[in-house]
Amino acid sequence: MVQYENLAGELLKKATTKGASSGDVVIVEGDSFDVQVRLRSVDKLSNAHEKRLGLRLFFGQRTAVCSTSDFSRESLDRLVEDTCHLARSTAEDPHAGLPEPSPLVSPDLGLYDESLHGWKIEDKIHLAVQAEAAALDYDARITNSEGANLSHAGRRVVYANTHGVVGSYPVGSVSYSVSPIATADGLMQRDYWYSAKRRVKELAAPEAVGRTAAQRALRRLGGRKISTCDVPVVFDPETASELVGSIAACVSGYAVYKGVSFLAGELGQSVAASSVTVLDDGVIPSALGSRPFDGEGLATRKTTVIRNGILESYLLDTYSARKLGLRSTGNAVRSVGDVPSVSHTNFHLAPGNHRPEEIIRSVKRGLYVVEMIGFGVNHVTGDYSRGAVGLWIENGELTYPVEEITIAGNLKEILMNIEMIGNDLEFRGTVASPTLKLSRMTVAGN
Amino acid sequence: MAKELTKAEDFFLKKFNLNTLQLEQTVGKALGKRIDYADLYFEYRTNESVSLEEGMVKKAVKSVGQGVGVRAVAEEKTGYAYSDEITVKNLEEAARTARYIADDSTVGKPVPVRSGSAQRDLYPIQTPVSDITIQKKIDLLNRIDILARRYDPRITKVMASFSSEHKVILIVTSDGMIVGDIQPLSRLNVTCIAEENGNRQVGSFGGGGRGDYSFFLENGRFEEYTKEAARQAILNLSAMDAPAGTMDVVLGPGWPGILLHEAIGHGLEGDFNRKQTSAFTDLIGKPVASELCTVVDDGTIPGRRGSLNVDDEGTPTHRTVLIEKGILKGYLQDKLNAKLMGMAPTGNGRRESFMHIPMPRMTNTFMLAGDSDPDAIIRSVKNGLYAVSFGGGQVDITSGKFVFSASEAYRIEDGKVTVPVKGATLIGNGPDVLKRVTMVGNDLKLDAGVGTCGKDGQSVPVGVGLPTIKINSITVGGTRG
């Protein structure tokens, strides 16, 4: 990696001699592997190596980014020329620029598993086959499968800027999923289950993942449509995470300063039920959303976004923070070919103290949501209307599956209407939530 | 020999210091006794984007990407390897990895190849959009900003972006073809925010295709995109909450064709039908729509966003009839699924880039015009919804359930379009929804050229189209019961 750190330094030096006042370089190099098995044998297998380099330059308050996967001398010379040319063409933006100089901190968060290197292809295939088999063999009504997919990726990220900040870190992830199909009365239902981690050893057992996938597909058989109604709605942790993900998008500094978030201008205001606390924590060891430093070389941290219902912080990088007169929260992400932007790290709603069964039992008549589809989320207004699949709750018990319905509300009300919070928080991705109960939503059906 | 091939082949051979024999040898190396088919996919792509917000073009980005993907197919199995360094050594390494799936260590002989390029060019361009100076694009965005703000003082924010792509591909196949193509693609998007008394609403519009930069300046196109975005934002200021429940829905012409894409198109892709995981499995020859409906997928319309001279496996694109007068006629196929199903490829094998394995995808999917007057269609509805623009949609291919969200919609009361409504979502069942189509308008329109379809993590540009249609009783998800 020293060679890439040197390369980054050379490019920045060259750009400076061409008149750039400051800039930074990101280099990402990595390998990825993907295998899909279907009906117990390999369907697709893919292996890859890739690298990319992105150069961002400032000419005073003007800026541009260029990137390439071609590291030849000729290509990189062209890259510097192109970036200078583009940057000189853009408008002067008073808020543009690198962060204030600060020394780079890069804690070892255990984000890379060395054992991924020696993992034999046969063993990976076997794991996927076992997981799918566990689903196929679970019940006679599991009649088909979209297969099981296992993939892992590892890469090294190098960052350098003209303040002399240089750093790099390795990062990896491994995941697999199973998608069985259940059939009854000639109608098919598909569902899936998965495990995603930084380390191979932390993955859930294939038998458990396959079995859960089968159970999830089976419980959707015989789905009914219900009449339009206003009822309490319980979100399982998967669908609750999607709701929480919408909050993450709406507290991004960019959405806020552009005024395209319903949470713009709400800092310090009550935006959720007082039981709701939402955090973003970038330094949880070996978690999928952790990173040792952000896309601008700033330290990542734990940020309380909503504390007891009060909106306490947005998620910010340097630019969006300057636009809002605030300070970066270390949430810059940098895709190699673009200017920095904001992303959450490990974004979650803090657990409450209700067991999930207890939450379901508290509902006399309502909906337990297990899947949402469609893109009916308007971040500007908070309007929320999505297709849903769920289980009908009658007298505190899960009864029959329901489908071809929508659930609708507005995120402002949804956050205020959170009535019970489960104790079942588990990080399965970069956004997590325990089971949530909303006092009411509109369910549209017949 | 078609000029695209000559240009694309020369381009890659020269740039990476390769010769045709080396390509023939690599395809041969990916082939073994148990490998049915192998191909190489070379790609060199330049992307550029400028964007405006807060009255200034403060962002310009450009990227260059290159690489090669090597694929080996044995019956249902696919082995794939790719690299962003195009060298003989990497090609050989990739061929070895790809062949792994067949558990086969035999190596095939070089495969002689001949030109298989399409004898047509659906997107001849005078000047690549990337050769137009950055200043011209910046000026265009600045004009849009002024135009949008002039539309109405309640427009408080304007965001606009112009993106272009120039992609050169070369495909070498073990069935002896070498096929090249140069694929331009550009898109202009405008988003406006309108504000009034604390009420904030958004409107978006855009368009594009595989043409020259002048496309955006002709026929008042950029002005139209701008006005549409501003109009929609202002309109939504007075929109009521959407109704909830089952009602008759009239879809306007053009972009609402996304309904066909979600509800029908995906379910007719060959892979899901070969695996029998689609709600449309085994329905060929059976009625899946009302007799008024004829639906096609056509990758051969000049200049359209979803069009291609050849697909990403080198097969020339086609016009494929999916549904004819209500009867299911065909699937969309790539080479692998066509072969396994004993059908012919339809030119629908597409991939996002050299990093991806091709699969059956749509191109431009639309319903042919009927003979109803659009006004008569509206007049026929007592109480319903008129949806003229949509945000996005999604489908569960196995159960057939689909969802899409309206970004501009109105109530229909006693045969008249009345108040605008926001936040309406439509949900239905793919194999069932077109059976409920009771009127089809004579006003077929294709969308303006902004569609991107995602499947299995791969995004590809697509087009949709629709005449005005009436669907009896579909579920509308809103908040007003």
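Are Glu43(B) and Arg45(B) buried or exposed? Glu43(B) is buried, and Arg45(B) is buried as well, where buried stands for under 20% relative accessible area, exposed for over 50% and partly exposed for what lies in between (1.4 Å probe, protein chains only).

This is a predicted model, in which local features need pLDDT of at least 70 and side-chain atom pairs count only at pLDDT 80 or more, while totals for chains, interfaces and linings use all residues. Residues are numbered from 1 along each chain as its sequence is written, chains are lettered from A and ligands numbered from 1 in the order in which they are written, and side-chain values use heavy atoms, with hydrogens and water left out.

Over all chains the structure holds 58 salt bridges, a salt bridge being a side-chain nitrogen of Lys or Arg within 4 Å of a carboxyl oxygen of Asp or Glu. Three of them are listed here.

| Pair | Closest N and O atoms |
|---|---|
| Lys225(A) and Glu404(A) | 3.5 Å |
| Arg307(A) and Glu312(A) | 2.8 Å |
| Glu43(B) and Arg45(B) | 2.7 Å |

Lys225(A) is partly exposed at 27% relative accessible area, whereas Glu404(A) is buried at 13%.
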